[in-house]
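Let's walk through this fold together, strand by strand. Have the viewer open and follow along.

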Amino acid sequence: MPISKKVKDALEGASWVRRMFEEGEELKRKYGAENVFDFSLGNPDIEPPASLKMALKNLADQPIAGMHRYMPNNGYIETRKVIAEYLTEESGLAFNERHVVMTVGAAGGLNVVLKAILDEGDEVIVPSPYFMEFKFYIDNCGGKIRLVETNEDFSLNLSEIEKAIGEKTKAILINSPNNPTGVVYDRESLNQLGELLIKKNQQLGKTLFLITDEAYRRIVYDDIELPIAFQYYPHTIRVTSHSKDLSLPGERIGYVAVSPLCEDLEEMMSALVFANRTLGFVNAPALMQRLVAPLQRNSVNVGIYEEKRNLFYNALTSFGYQVVKPQGAFYLFPKSPIEDDVAFVKELQRKRILTVPGRGFGKPGFFRIAYPVEKTTIERALPGFKELAEKYGLKG
């Protein structure tokens with residue numbers, strides 16, 4: 001066998017998102033891209049804000065001497081200082097540049113964190129449904145994923161999390177706003193989770209980490225404010241990126257921030273920098289670090305995504321689909337009208353509608369719709385959703 005058995009096994013269970021995307025490419029070749037309604041990939045369709053374009057132009061017109069040379073592996077100190085100031089303002093905690101590591105997006109950041117904290121066999125608890133790549137990131141670092149069910153509305157189920165915590169637990173990994181459900185975990189949930197982890201630390205005689213994947217942290221709707229996890233638990237590590245808030249997914253720029261209250265903080269930061277270097281990321285892209293530094297409070301127009309959310313949600317519920325209304329991100333996660341979510345996704349494909357089965361996110365019986373697409377794409381796809389709702393007797 002030319003490749004490792006571990007990778008071969010992983011490939012067989014690899015991302016449903018990519019699988020659907022690739023099948024969609026075949027449909028587009030056959031029918032033309034304009035006649036295929038692709039909701040498979042969460043690829044932001046909004047252009048970066050004007051403030052970013054202006055900053056990029058300024059950098060090009062007035063380059064900083066040495067701006068493309070090697071740098072410290074945790075990133076430019078000027079960038080980390082600006083982010084630390086923003087974190088201090090946001091959380092009320094005394095962040096400084098030593099608490100921040102610039103990373104190659106949130107995916108790179110998660111791999112760095114997991115590499116820094118996991119020993120072979122350590123468990124990471126993840127609420128389900130979840131972004132399937134988490135499983136591979138944890139496995140990359142010798143850990144094991146421990147899935148726990150969420151409530152019917154996809155909110156955190158604290159009793160299930162408590163039952164899952166044991167001697168092998170090293171961390172809880174939460175994603176809010178959530179991919180694939182769009183749910184935002186509220187203050188009360190984070191407060192209860194923080195209290196639970198403090199209690200378990202005392203019982204187990206060790207420190208559990210709370211890792212928060214906040215890649216969609218600025219994509220929230222209905223004037224909801226995303227709770228600041230740092231305020232609810234001292235051993236919190238935030239991983240985020242600017243892929244969604246600044247519409248820069250292809251640039252792979254993000255950061256890891258560790259609470260100033262975290263245990264053995266200096267050792268933790270050293271471990272993160274070491275992992276960043278030895279995993280092969282080495283450091284985040286130099287130009288992007290310079291570019292995003294002054295844009296921590298900037299964002300794309302979230303109202304555009306909210307309008308699409310409303311259009312899709314209102315239509316699907318009027319057709320009779322059961323779906324929890326997303327509070328953030330840019331996904332809908334309806335219940336499949338039939339038990340076999342893969343079979344239903346195949347039926348949608350026959351109407352040239354591309355979605356992803358829920359089992360790709362650890363939740364069979366559902367399917368995911370990514371709606372960062374043109375509004376007309378949604379409007380033209382709705383009749384297909386309606387036809388299948390009628391076929392299976394759904395009532396609006």
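Which residues of E2 point one way, and which the other way? Val100 and Met102 take one direction from E2, Val101 and Thr103 take the other, and all are buried (under 20% relative accessible area, with exposed meaning over 50% and partly exposed in between, for a 1.4 Å probe and protein chains only). Before going on, a word on the source: this is a predicted model, where local features need pLDDT of at least 70 and side-chain atom pairs count only at pLDDT 80 or more, while totals for chains, interfaces and linings use all residues. Residues are numbered from 1 along each chain as its sequence is written, and side-chain values use heavy atoms, leaving out hydrogens and water.

Now to the sheet that E2 belongs to. It is open and mixed, with seven strands in the order E2-E8-E7-E6-E5-E3-E4; strands are DSSP runs of E with at least two residues, helices runs of H or I with at least four, numbered from the N terminus, and two strands pair if DSSP finds at least two bridges between them. Strands E2 (100-103) and E4 (144-149) are at the edges with a single partner strand each, so one side of each has no neighbour in the sheet.

E2 runs antiparallel to E8, joined by four bridges, and Met102 has Tyr255 of E8 as its bridge partner. Elsewhere, E3 (residues 123-128) and E5 (residues 169-175) pair in the parallel sense over three bridges; here Val124 is partnered by Ala171 in E5.
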